[in-house]
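Subject: Structure for your review

Dear colleague,

Please find below the structure that I am handing over to you.

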Amino acid sequence: MAGGNKIQNDSQDVSWAQSFFRGGANTTANSGTKIQGTAGQKDCVRINIALVVSESCYAEGLYITETKDCSVGIYCGNANGTNAAGTKRDVFIDESNRPRVGSIHCFASGNGTSPVVVVNTNAVDYAIGSIQVGDPAGARAVQISSAGYGTIESVEAIDSGTTMTGSFVVTTTTAKGRCSHIKTSLTPSTTVFPVLINAINL
């Protein structure tokens, strides 16, 4: 399937019970489920999806950008972003005010040096419950690049192989927020960092 499930532009007050996407060899960068407004023009507002399931997407299985007060209850992703060239993730949250995700579960997703779950530069006042990443194909399980304040209740990152080099990584020196609990299978070394935080601004 080449397309995906998408709510876009100035959509408001939309609720879905479930969004399912199963890709494969013919998927494109537009696969998966997207809540996507238009930069500098239109935001998606109060979009709520109770359950999102994405499998074998070319790029992200869940993509949230240019939104206000949008939420996903449960996200389950399997083998997403693995076929894409360049930097591709399973979950990407950016340019959003008060995004909410109850729980994130990713297995065998990511691509090379790419993180699996990314909260990017302009996600403000984000709140995520639990994040579970298993056997990632990307090097970092969870990466926080947001300068806005946010909270994550727990991160669990388990890799039975040797791909993962970071469980929880904060890349920006202006990041603010809290992660209450981190569990990882990684053993620290000169190249492997279970937790890497560039700066703490609470």
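The notes below go from the overall fold to individual residues.

Please bear in mind that this is a predicted model.

Overall fold. The protein chain contains 16 strands and zero helices. Its C-alpha trace spans about 45 × 40 × 25 Å along the principal axes. The radius of gyration is 16 Å, which agrees with the value near 17 Å that a compact globule of 202 residues would have. Of the contacts between residues at least 6 apart in sequence, 75% join residues at least 24 apart. Ser-15 belongs to strand S2 and counts as exposed because its relative accessibility is 58%.

Surface and core. Of the 202 residues, 46% count as buried. The largest nonpolar core has 36 residues, and the members touching the most others are Ile-104, Val-117 and Ile-131. Beyond its neighbours within four places in sequence, Ile-104 is in contact with residues including Tyr-75, Val-91, Val-117, Ile-128 and Ile-131. In soluble globular proteins, nonpolar side chains tend to be buried together.

Salt bridges. The structure holds eight salt bridges, and three of them may interest you.

- Arg-22 and Glu-55 meet at 3.2 Å, N to O. This pair joins strand S2 to strand S4 across 33 residues. Arg-22 is exposed, at 61% relative accessibility, whereas Glu-55 is partly exposed, at 25%.
- Glu-60 and Arg-89 meet at 2.6 Å, N to O. Glu-60 sits in the loop between S4 and S5, and Arg-89 in the loop between strand S6 and strand S7. Glu-60 is buried, at 4% relative accessibility, and Arg-89 is buried as well, at 14%.
- Lys-183 and Glu-156 meet at 3.9 Å, N to O. Lys-183 lies in strand S15 and Glu-156 in strand S13, 27 residues apart. Lys-183 is partly exposed, at 44%, and Glu-156 is partly exposed, at 27%.

A buried charge without a partner. Glu-66, in strand S5, is buried yet has no salt bridge. The nearest side chain of opposite charge is that of Lys-68, 8.7 Å away. Leaving aside neighbours within four places in sequence, the contacts of Glu-66 include Gly-37, Lys-42, Asp-43, Cys-44, Asp-94 and Glu-95.

With kind regards

Definitions and conventions:
Residues numbered from 1 in each chain as written. Predicted model: local features only at pLDDT ≥ 70, side-chain atom pairs only at ≥ 80, totals over all residues. Heavy atoms only, no water. Core = buried A, V, L, I, M, F, W, Y, C linked by side-chain atoms within 4.5 Å. Buried < 20%, exposed > 50% of the residue type's maximum accessible area, 1.4 Å probe, protein only. Contact = heavy atoms within 4.5 Å. Helix = DSSP H or I, 4+ residues; strand = E, 2+ residues; numbered from the N terminus. Lys, Arg positive; Asp, Glu negative; His and termini not counted. Salt bridge = Lys/Arg side-chain N within 4 Å of Asp/Glu carboxyl O. Rg over C-alpha atoms; globule rule 2.2 N^0.38 Å.
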